[in-house]
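Please read it alongside the sequence and the coordinates.

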Amino acid sequence: MISERTFQVRTYECDSYGHVNNANYLNYLEFARYELLKDIGFDYPKAINSGYGVFIARIEIDYKIPAIADDMLTIKTWPLKKGAVSGVLAQKITRGEDTIAEAKVTWAFVDAKTGMPVKVPGEYDVPGLSPAKP
């Protein structure tokens with residue numbers, strides 16, 4: 001499953017060089033991850049209300065070329081790996097054929113009260129969290 005979202009860069013997301021500020025990529029990537037969860041049928045609000053969360057443990061971002069105001073960017077998000085309590089998502093931001101940035105995001109399913117990782121309960125262990133099998 002690959003989730004895909006397209007959006008336009010807003011002027012206030014750019015720095016004094018006219019490029020999207022690197023910190024804004026974290027927001028872009030988070031937006032796309034949440035959209036992936038909706039696409040695969042993972043009910044995040046229900047998980048939160050049930051006392052769980054999906055916490056980000058690590059993000060690796062490789063910036064390739066800058067994006068600027070009014071660029072139309074597309075973010076693709078897909079699962080790379082999944083274990084009992086955590087997994088890794090891949091994300092790629094493009095402008096047309098050009099790759100703007102690539103990221104790997106490690107997430108963990110947690111007990112929201114303690115912040116400690118827990119096994120993903122069956123009702124939240126939806127198939128789209130795991131990579132497709134060849």
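## Helix 1 and its packing

Helix 1, which covers residues 22-39, has 18 residues and reaches 26 Å from its first C-alpha to its last, close to the 26 Å expected at 1.5 Å a residue; the expected span is 1.5 Å times one less than the number of residues. Helices (H or I, at least four residues) and strands (E, at least two) are DSSP runs, numbered from the N terminus. The model is a predicted one, in which local features need pLDDT of at least 70 and side-chain atom pairs count only at pLDDT 80 or more, while totals for chains, interfaces and linings use all residues. Residues are numbered from 1 along each chain as its sequence is written, and side-chain values use heavy atoms, with hydrogens and water left out.

The buried residues of helix 1 are Asn24, Tyr25, Tyr28, Leu29, Ala32, Arg33, Glu35, Leu36 and Leu37, where buried means under 20% relative accessible area, exposed over 50%, and partly exposed in between (1.4 Å probe, protein chains only). These buried residues pack against strand 1 (3-8), helix 2 (44-49), strand 2 (52-63), strand 3 (72-82), strand 4 (86-95) and strand 5 (98-111), a contact being heavy atoms within 4.5 Å.

At the N-terminal end, helix 1 is capped by Asn21, a side-chain oxygen of which lies 2.9 Å from the backbone nitrogen of Ala23. Just after helix 1, Gly41 takes a positive phi of about 85 degrees.

A positive phi also occurs in a residue other than glycine, namely Asp70, where the angle is near 75 degrees; Asp70 is found in the loop between strand 2 and strand 3. Most residues other than glycine have a negative phi.

## Aromatic pairs

Rings of Phe, Tyr and Trp (its six-membered ring) pair if their centres lie within 6.5 Å, with planes under 30 degrees apart counted as stacked, over 60 as edge-to-face and the rest as tilted. By this rule the count comes to eleven aromatic pairs. Phe7 and Phe31 form an edge-to-face pair, with 6.2 Å from centre to centre and 80 degrees between the planes. This pair links distant parts of the chain, since Phe7 belongs to strand 1 and Phe31 to helix 1, 24 residues apart. Phe7 is buried, with a relative accessible area of 11%, whereas Phe31 is partly exposed at 36%.

Elsewhere, ring pairs link Tyr34, Phe42, Tyr44, Tyr52, Phe109 and Tyr124 into a cluster.

## Salt bridges

The structure holds eleven salt bridges, each defined as a side-chain nitrogen of Lys or Arg within 4 Å of a carboxyl oxygen of Asp or Glu. In one of them Arg5 is joined to Glu35, the closest N and O atoms being 3.1 Å apart. Arg5 lies in strand 1 and Glu35 in helix 1, so the pair ties together parts that are 30 residues apart in sequence. Both Arg5 and Glu35 are buried.

Glu35 also meets Lys38 in a salt bridge (3.1 Å, N to O), and because these two residues are three apart in helix 1, they are separated by about one helical turn. Glu35 counts as buried at 11% relative accessibility, while Lys38, at 47%, counts as partly exposed. A further salt bridge is formed by Asp98 and Arg95 (3.9 Å, N to O), both partly exposed, Asp98 with a relative accessible area of 38% and Arg95 at 22%. Salt bridges that share partners join Arg5, Glu35, Lys38 and Asp39 into one network.

What is the nearest side chain of opposite charge to Arg33? Arg33, which lies in helix 1, is buried yet has no salt bridge, and that nearest side chain is Glu30, 5.0 Å away; here Lys and Arg count as positive and Asp and Glu as negative, with His and the chain ends not counted. The side chain of Arg33 does make a polar contact with the side chain of Gln91 (3.2 Å). A polar contact is a pair of N or O atoms within 3.5 Å; within protein, one must be able to donate a hydrogen and the other to accept it, and residues adjacent in sequence count only if both atoms are side-chain atoms. Not counting residues up to four places away in sequence, Arg33 touches Ile56, Ile59, Thr77, Leu89, Gln91 and Val105.

Gln91 is found in strand 4 and is buried, with a relative accessible area of 2%. A polar contact of 3.0 Å joins its side chain to that of Thr77. With residues up to four places away in sequence again left out, the residues that Gln91 touches include Leu29, Ala32, Arg33, Ile75, Ala101 and Val105.
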